Amino acid sequence: MIIFSLHAQIAIRAEKIYTSAGEPITNGVVLIKNGKIEKVGTAESVKIPSDYKVYDAKVVTPGLIDARSEVGLSGDLNIPTDQDQLEKSTPIQPDLRAIDAYNTDDTLVGYLRINGVTTIHTGHGIGALVSGQTMVAKTKPGLVDAVTLVPVEMLAMSLGNSVKGNFTSPGTEAKEISMLRTELLKAQTYQKKMDTTKDASKKPSRDLSMEMLGKLLNGEMKALIYANKATEIISAFRLAKEFNLKLVIEGAAEGYRLINEIKASGAEVIVHATMARPYEDNANMTLENAAILTKAGIPVSIESGFEGYVPKTRVVLYEAAVAAANEMPYQEALKAVTINPAKLLGLDKRIGSIEKGKDADIVLYDGDPFEYTTHVCKVIIDGQLMADNCK
């Protein structure tokens, strides 16, 4: 059941609090005031004022962050009328803005919310060389501008079979990289002319696609490249090096084969949903991928990604739980859906951990969050109770 509470002052008591900012707190308390975390600590050190609304839980975590989703654009009906995540008229469209298509009333946004996901990095999806821009939003109800944290976060790109299946050209991986290089070279020329031509009448006509690629080249935004096979990931590294791009690899199904190369590249990594299906570009995936990368010292975030069938999305809580069951250290698995994606998105001063002054995005559970029988009982976003599932 969903409840939209207006309580400005909330106290949460829990047997265990995972803050994602240090060691767990046993018998802890979190105080919330005016949408922010006021205090967090042991029950002995944090006294609850008499006028605070009190909630009790077995376990508390920060609000979960989905590092990469298409929710809000992909719809839940699996019919053309609600599928806005991928424009197939041409394979390169950096000018498309996610915020122009994001639907806050999408059923799936509410579905993620009641399952503890309080922030999503979403936008134009996989399946085009450059599908468009991504955005970051809270999962609470409201008009799009009110829930948006970052209107333009990254530029979504794809390599591999997902592209070849949607367009006549490119038809091979070599052609994919060739087309991307050609567009980036055009953007370099466009940007140079715009910067060096003093006579306004002689400047190039404004080109939204070239402008966005220019921002990519200037380091104003990151290139989010969906790549799973080792060959695709290496191609992404090569492209990023040639054009000095800030790179985020999404998927990375064969990332476990490229530990040294990932470290040398400086790329950030969002790993595929742990329970993704192993076929095509994911044929060599392993449930231990996140664990292997983490143990090698590579910070990872876990995504829900995209599902082409109903119910159209995964829940990162369950994906992190399966990663933990496959050798990923418990707290590292939790960080992969809290503080790690917050850092990836440049929002770790606001979200991703339970610390004083941060947004009061909190999830309350009736047991271990990674246990199958545990329920997400309450979800608080910006200090408001947004879901109350346990009675």
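Predicted model: local features only at pLDDT ≥ 70, side-chain atom pairs only at ≥ 80, totals over all residues.
**Entry 1: the sheet**

I started with the open sheet: 7 strands, running in the order E3-E2-E1-E4-E14-E15-E16, with mixed pairing. I then asked which strands stand at the edges. They are E3 (36–42) and E16 (384–388); each has a single partner strand, so one side of each is left without a neighbour in the sheet.

Helix H1 (residues 107–114) does, touching E15 (376–381) and E16. The direction of H1 makes about 110° with that of E15.

**Entry 2: pairing around E1**

I went through the partners of E1 one at a time. E1 (residues 9–17) pairs with E2 (residues 25–33) in the antiparallel sense, and I have 8 bridges for that pair. In that pairing, Gln-9 stands opposite Lys-33 of E2.

With E4 (residues 53–62), E1 pairs in the parallel sense over 7 bridges. I noted two positions here: Ala-14 has Ala-57 in E4 as its bridge partner, and Ile-17 stands opposite Val-60 in E4.

**Entry 3: helix H5**

Is H5 (residues 208–217) largely enclosed or largely open? I counted 7 of its 10 residues as buried, so the helix is largely enclosed by the rest of the structure. The buried ones are Ser-209, Met-210, Met-212, Leu-213, Gly-214, Leu-216 and Leu-217. I wanted to know what covers them, and the cover includes strands E7 (130–138), E9 (154–158) and E10 (222–227), along with helices H4 (173–196) and H6 (230–243).

Then I looked at both ends. At the start of H5, a side-chain oxygen of Asp-207 comes to within 3.0 Å of the backbone nitrogen of Ser-209. After the helix comes Gly-219, with a positive phi near 80°.

**Entry 4: H4 against H5**

For a packed helix pair, I want the angle between the axes and the distance between them. The H4 and H5 axes come within 9 Å and cross at roughly 90°. The two helices are therefore roughly perpendicular to each other.

I listed who meets whom. From H4 there are Glu-183, Leu-184, Lys-186, Ala-187, Gln-188, Tyr-190 and Gln-191. From H5 there are Met-210, Glu-211, Leu-213, Gly-214, Leu-216 and Leu-217. Sorted by class, the contact has 7 nonpolar, 3 polar and 3 charged residues.

**Entry 5: Glu-254**

Last, I looked up a single residue. Glu-254 is in the loop between strand E11 (247–251) and helix H7 (259–265). Buried or exposed? With a relative accessibility of 4%, Glu-254 counts as buried, because the cut-off for buried is under 20%.

What does the side chain of Glu-254 reach? I found the backbone nitrogen of Ala-230 at 3.1 Å. The side chain of Glu-254 also makes a polar contact with the side chain of Arg-257, at 2.6 Å. Leaving out residues up to four places away in sequence, I have Glu-254 touching Asn-228, Lys-229, Ala-230, Ile-233 and Asn-284.

Definitions and conventions. Residues numbered from 1 in each chain as written. Heavy atoms only, no water. Helix = DSSP H or I, 4+ residues; strand = E, 2+ residues; numbered from the N terminus. Buried < 20%, exposed > 50% of the residue type's maximum accessible area, 1.4 Å probe, protein only. Polar contact = N/O pair within 3.5 Å; in protein donor to acceptor, adjacent residues only side chain to side chain. Contact = heavy atoms within 4.5 Å. Pairing = 2+ DSSP bridges. Axes fitted to C-alpha atoms, helices over the stretch in contact; angles between N-to-C directions. Parallel < 35°, antiparallel > 145°, perpendicular 65-115°, else oblique. Nonpolar A, V, L, I, M, F, W, Y, C, P; charged D, E, K, R; others polar.
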